[in-house]
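Here's a quick briefing to read with the structure open beside you.

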Amino acid sequence: MRPQVVAHRGASHEIAEHTLAAYVAALDAGADALECDVRLTMDGHLVCVHDRHLRRIGARGLVSEMTLGELQAIDFAAWKNGFWDGEDEPPDRDMRGVLTLHRLLRVVRDYGRHVEMAIETKHPTRYGGLTEGRLVDVLNDFGWAGPGSPVRVMSFSFTALQRVERLAPGVPLVQLIDRAANWSLLRHAIGEDWWLGASIEMLTAHPRLGRRLASKGRNLHVYTVNTEEQLKLCLDLGVNAVITDRPGFMLEVLGR
């Protein structure tokens, strides 16, 4: 059985990450699931942004110190896909602007086929556990805060995942790890039914660890898998999901 193909911040190899345009492209390419990072704005909205600051997109400010309205005034695609040059119709701001988690989940719900979501909460953050609390509120809005949810919650923070476990029992949890040394600390602490999300760099550098993780019987996800060589390693290990910037390409390779 082939691994699930999860679009990392959308089809982010070609289109600016975390924009609605990137996610729609990933869905249209056939991605089985979408991955996003979430941060809390000053006025309590969860937005799909990776970094605490906006330097990545060529803007100024900290997400936690800005309102949703202030973020909506910024073109989140310009850094990668260019500014509108005025020759044609102006771009749809909905496709290029800041994306709220609520908006993304509506797209997933209404797409017309089963699509899953992998949502990473980012830490450290000034809002601490409020991030997970607000996330569970949003999941409740969709009826996705319990068993059978198409959403799984990921984090490098063990404490953050414990919060979600308390607030939304039954939602799958993914402990992210990017250093081999961290596994020795976490393997006795995480829940027996928690999934693992390992970096491809760690598995490549520590092949014996990769085999051990794959043999544990846990659901194993690997990020960020972008080449055929990396995909082959994942297939050899029998991982459950590959998180990739190139969902269309990965599906093409898997279909050969």
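How many disulfides does the count come to? The count comes to 0 disulfides, taking a disulfide as a pair of cysteine sulfur atoms within 2.5 Å. Keep in mind that this is a predicted model, where local features need pLDDT of at least 70 and side-chain atom pairs count only at pLDDT 80 or more, while totals for chains, interfaces and linings use all residues. Residues are numbered from 1 along each chain as its sequence is written, and side-chain values use heavy atoms, with hydrogens and water left out.

- Cys48 takes part in no disulfide, and the nearest cysteine sulfur, on Cys36, sits 4.1 Å away.
- Cys48 is buried, with 2% relative accessible area; buried here means under 20%, exposed means over 50%, and partly exposed is in between (1.4 Å probe, protein chains only).
- Cys234 is buried too, at 1% relative accessible area.

- As background, most residues other than glycine have a negative phi, and most peptide bonds are trans.
- The His123 to Pro124 peptide bond is cis, with omega near 5°.
- Pro124 belongs to the loop that runs between strand S4 (116-121) and helix H6 (130-141); helices (H or I, at least four residues) and strands (E, at least two) are DSSP runs, numbered from the N terminus.
- There's a cis bond from Tyr223 to Thr224 as well, with omega near -20°.
- Thr224 lies in the loop between strand S8 (220-223) and helix H11 (228-237).
- Arg9 is not a glycine, yet it has a positive phi of about 60°.
- You'll find Arg9 in the loop between strand S1 (4-8) and helix H1 (20-28), and it counts as buried at 11% relative accessibility.
- His18 also has a positive phi, near 65°, without being a glycine.
- The loop between S1 and H1 is where His18 is found, and His18 is buried with a relative accessible area of 4%.

**Salt bridges**

- Side chains of opposite charge can pair when their charged atoms come close.
- Searching the whole structure turns up 17 salt bridges, each being a side-chain nitrogen of Lys or Arg within 4 Å of a carboxyl oxygen of Asp or Glu.
- Arg9 shows up again here: it pairs with Glu17, and their closest N and O atoms are 2.9 Å apart.
- Both Glu17 and Arg9 are buried.
- Lys122 bridges to Glu120, with 3.0 Å between the closest N and O atoms.
- Lys122 counts as buried at 11% relative accessibility, and Glu120 is buried at 7% relative accessible area.
- Asp178 and Arg179 form a salt bridge too, the closest N and O atoms being 3.4 Å apart.
- Asp178 is partly exposed, with a relative accessible area of 33%, while Arg179 counts as exposed at 53% relative accessibility.
- Salt bridges with shared partners tie Arg9, Glu17, Asp37, Asp51, Arg56, Glu120 and Lys122 into one network.

**Helix packing**

- Two packed helices are described by the angle between their axes and the distance between the axes.
- H6 packs with helix H7 (residues 158-167) at an angle of about 40°, and their axes are 9 Å apart; axes are lines fitted to C-alpha atoms, for helices over the stretch in contact, with angles running from 0 to 180 degrees between N-to-C directions.
- The crossing of H6 and H7 is right-handed, that is, the near helix is turned clockwise from the far one by less than a right angle.
- On the H6 side the contact uses Glu132, Gly133 and Val136, and on the H7 side Ala160, Arg163, Val164 and Leu167, where contact means heavy atoms within 4.5 Å.
- Those residues of the H6 and H7 contact split into 4 nonpolar, 1 polar and 2 charged; Ala, Val, Leu, Ile, Met, Phe, Trp, Tyr, Cys and Pro count as nonpolar, Asp, Glu, Lys and Arg as charged, and the others, Gly among them, as polar.
- H6 also crosses helix H5 (residues 101-110), at roughly 30°, with the axes coming within 11 Å.
- The H5 and H6 crossing is right-handed.
- Leu101, His102 and Leu105 of H5 meet Leu135, Val138, Leu139 and Asp141 of H6.
- The H5 and H6 contact residues divide into 5 nonpolar, 1 polar and 1 charged.
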